[in-house]
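Dear colleague,

I am passing the structure below on to you, and my notes on what was found in it follow directly after. Please read them with the model open beside you.

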Amino acid sequence: MKILHTADWHLGKRLDRFSRLEEQISAMEEIIGIADEEDVDLILVAGDLFDNFMPGVEAAELFYKTLKRLSQNGKRPVIAISGNHDSPNMINAPDPLARECGIILIGHPKAEILPFGTEHFKIVNSKEGFIELAFINIDFPVRILHTPFANEVRLKEYFGENKEEEINKVLSETWKELADQFCDTSGVNLLTAHLYMNKRGAEILEEPEGEKPIKIGNADLIFSDSIPDQIQYTALGHLHAFQNIGTQEKPVVYSSSPLCYSFSEAGQTKYVSIIEAEPGQPVSFVKKPLKSGRKLVRKTFTSVEDTVQWLTENPYTFIELTLESETFLTADERRMIHQSHNGIVHLIPKVKSKGLTEQENIEINLNQDIEPLFRDYFKSKNGGQEANEELMNLFNEILNA
């Protein structure tokens, strides 16, 4: 059988003042196209479905339409779990309607999914944190351990009080008990979770800029050796770069977000994971690149002319732009830069220091008038750089307002 693993859609997310909705629509179309082209039997969406607890109407509509099309109106199951950006209650809310389309929405850890079926598949076994699916056209079952994100309150509620050291133990024991009970070699055995997981002793994996952090110290770090031996593939969400922290034989995969959502992701290629699995055998998987969306770029220039030329030649980008110069940008220079490109997220002017030595002691006469006092203050804080005329005009405008 074939499985598609995706995660971290963050529908409704913005980049500063810029909407990403049109790009997200394109990315969802691309994922649907890959699912159809690969003729996958099952789809796993490993959390952070939305970017916040109360997504806008357009983001919610895109989510539901995408899941319905991925499910082919009930032909193949789609299993979506909540992440740390999602409201578990909101994810659970449309469950009765979602079932009609073969969509399984799981908001809370250790949720027990009520059995149901379509003409193409049905849930034949269900327990807290576990479901087993039987397909009409596949002669073996698929078992899925599922663990949506749990914040500190939910961790205490579901997994006990001693979070720091106990969470690995409790998850390991919970998963092992389920795997020992249900996951033999007569079926395909999977785990999907939205957690900060890493190999024990490995280098820390960085969470993306702007991402609500899961890992605080080591309290929320789950080690991959907690995964039961029976599990053939683990579908993770949370980190936005594609990476396998398991082995080739037993992959533990972050599938990546569908778009670059922060400048810490600049230059990354995004993917979905396509898995081929059969009972009792190691899975194989390939990462399918996604091409939708603007590239995110961090660039530094030393002249306005070079800046404008690059911006003109690279229109379909979002850019964090640093401009190093001897003096502060004038209003005309800023206007020229912004008029040359519609995707400048941050413009960071960086004035080169005049190189004052430690022995140069700038004394400020505090008894002088406010305008020369401001000039001296500005000069002392900016490496000897004089305030230009436009800055002084702005200062006087504020002063006289």
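Asp225 is partly exposed, with a relative accessible area of 45%, where buried stands for under 20% relative accessible area, exposed for over 50% and partly exposed for what lies in between, calculated with a 1.4 Å probe on protein chains only. The residue sits in the loop between strand 12 (221–223) and strand 13 (233–237); strands (E, at least two residues) and helices (H or I, at least four) are DSSP runs numbered from the N terminus. The side chain of Asp225 makes a polar contact of 2.7 Å with that of Arg200, a polar contact being a pair of N or O atoms within 3.5 Å of which, within protein, one must be able to donate a hydrogen and the other to accept it, while residues adjacent in sequence count only if both atoms are side-chain atoms. The C-alpha atoms of Asp225 and Lys199 are separated by 7.1 Å, although the two residues lie 26 residues apart along the chain.

Please keep in mind that this is a predicted model, in which local features need pLDDT of at least 70 and side-chain atom pairs count only at pLDDT 80 or more, whereas totals for chains, interfaces and linings use all residues. Residues are numbered from 1 along each chain as its sequence is written, and side-chain values use heavy atoms, with hydrogens and water left out.

Ser262, in the loop between strand 15 (252–254) and strand 16 (270–276), is buried, with a relative accessible area of 6%. Its side chain is joined to that of Ser264 by a polar contact of 2.7 Å. Once neighbours within four places in sequence are set aside, Ser262 is in contact (heavy atoms within 4.5 Å) with Pro208, Glu209 and Leu296.

As for the helices, the axes of helix 7 (residues 304–313) and helix 8 (residues 331–339) come within 9 Å and cross at roughly 15°; axes are lines fitted to C-alpha atoms, for helices over the stretch in contact, and angles run from 0 to 180 degrees between N-to-C directions. The two helices are therefore roughly parallel to each other, a label given to angles under 35 degrees. From helix 7, Val304, Thr307, Val308 and Leu311 meet Glu333, Met336 and Ile337 of helix 8.

Taken as a whole, the protein has ten helices and 20 strands, and 52% of its 401 residues count as buried. Among its contacts with a separation of 6 or more, 67% come from residues 24 or more positions apart.

With kind regards

Methods. Angles under 35 degrees count as roughly parallel, over 145 as roughly antiparallel, 65 to 115 as roughly perpendicular and the rest as oblique.
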